[in-house]
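Please keep the sequence and the 3D view open while reading.

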Amino acid sequence: MTPPRLARELGILLAAFLALALIALGAQRLFFPTRTASPDVPRELDDALGPIVRREVRRLQKVREEPKVEAGISAIMGRLAPALPKAAGAKIDVLVVDSPDVNAFTLPGGLICVDTGLVRALPTADEMAGVLGHELSHAVSRDPLALLARQLGTATVINAVSGGQGAAVMETMFRELINVHYGREAEDRADAFAVDLLAAAGLDPHAFPRALAHIRDAAPERPELLKYLDPHSPIDRRIALAEQRAGAEKTAVRALPVDWRGLVGALSE
Ligand SMILES: [Zn+2]
């Protein structure tokens with residue numbers, strides 16, 4: 001997709017978000033960010049978007065809620081969440097959604113989505129913990145909303161607020177954000193965050209570079225499914241950096257009690 005089209009669509013998307021958030025917050029209270037290099041997006045906007053985004057994902061995607069899937073993901077998050085920085089803020093949820101894509105992505109409002117194609121590509125729960133660590137960096141830094149905000153023009157906001165674009169725009173938002181990368185700096189930061197978080201949670205920090213390698217090799221005949229990979233950030237460089245960082249961590253590893261094979265098996269039932 002060409003940058004101008006992306007910019008326009010993301011602008012429309014954020015505008016729609018703002019419109020919905022306005023409704024959710026009872027209007028007036030919000031300050032609209034103006035177009036700056038790094039807009040200060042009110043945290044209330046993320047908070048207001050949380051329930052809307054969760055509802056829309058459930059409407060647009062089949063969410064896998066088998067007991068083994070939920071138990072596994074919550075065990076992983078149960079280890080990672082206490083190791084997050086104190087300032088992490090609002091609650092972050094993880095949903096497994098049906099898709100052959102080898103992908104995970106973070107939406108505004110603290111929602112991480114993991115495609116079943118990615119779950120199947122990873123052989124261990126520790127590797128999934130590494131991928132979630134990367135996405136948690138985006139969630140904690142509120143990268144999704146900041147990215148949308150950077151594309152925003154005031155006129156677009158006003159148009160969308162008065163235009164009431166609703167569900168169709170949310171659908172476009174969903175399609176766009178699943179394929180978004182935040183630039184090399186933010187992606188490197190998220191990779192480093194993932195390695196550090198694994199170590200802080202008592203998990204093997206090498207699980208993250210191992211996950212990247214499994215993602216790289218997941219679908220040799222169908223590279224279009226590898227949406228997790230960022231063309232601007234070569235995967236072998238990321239793996240090497242993550243390995244280097246993991247090698248410097250001192251971790252007392254504690255086993256992660258997850259029936260990962262059972263979880264993956266439950267997705268095929
Ligand atoms: Zn990322």
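## Helices α3 and α12

Helix α3 (residues 67-80) and helix α12 (residues 260-268) have axes that come within 8 Å and cross at roughly 140°. Axes here are lines fitted to C-alpha atoms, for helices over the stretch in contact, and angles run from 0 to 180 degrees between N-to-C directions. Helices (H or I, at least four residues) and strands (E, at least two) are DSSP runs, numbered from the N terminus. α3 and α12 are therefore oblique to each other; angles under 35 degrees count as roughly parallel, over 145 as roughly antiparallel, 65 to 115 as roughly perpendicular and the rest as oblique.

The model is predicted: local features need pLDDT of at least 70, side-chain atom pairs count only at pLDDT 80 or more, and totals for chains, interfaces and linings use all residues. Residue numbers start from 1 along each chain as its sequence is written.

On the α3 side, K68, V69 and G72 meet W260, G262, L263, A266 and L267 of α12. Two residues are in contact if their C-beta atoms, placed from the backbone, lie within 7 Å. The contact of α3 with α12 has 5 nonpolar, 2 polar and 1 charged residues. In this classification Ala, Val, Leu, Ile, Met, Phe, Trp, Tyr, Cys and Pro are nonpolar, Asp, Glu, Lys and Arg are charged, and the others, Gly among them, are polar.

## Helices α10 and α11

The axes of helix α10 (residues 207-216) and helix α11 (residues 235-248) come within 8 Å, crossing at roughly 160°. That makes α10 roughly antiparallel to α11.

From α10, the residues F208, P209, L212, A213 and R216 meet I235, R238, I239, A242, E243 and A246 in α11. The contact of α10 with α11 divides into 8 nonpolar, no polar and 3 charged residues.

## Helix α5

Helix α5 (residues 125-141) has 17 residues and spans 24 Å from its first C-alpha to its last, close to the expected 24 Å. The expected span is 1.5 Å times one less than the number of residues. Of the 17 residues of α5, 16 are buried, so α5 is largely enclosed by the rest of the structure. A residue is buried if 20 or more other C-beta atoms, placed from the backbone, lie within 10 Å of its own, exposed if 12 or fewer, and partly exposed in between. R142 follows α5 and has a positive phi, near 55°.

## The whole protein

The protein has 12 helices and 3 strands. Buried residues make up 43% of its 269 residues.
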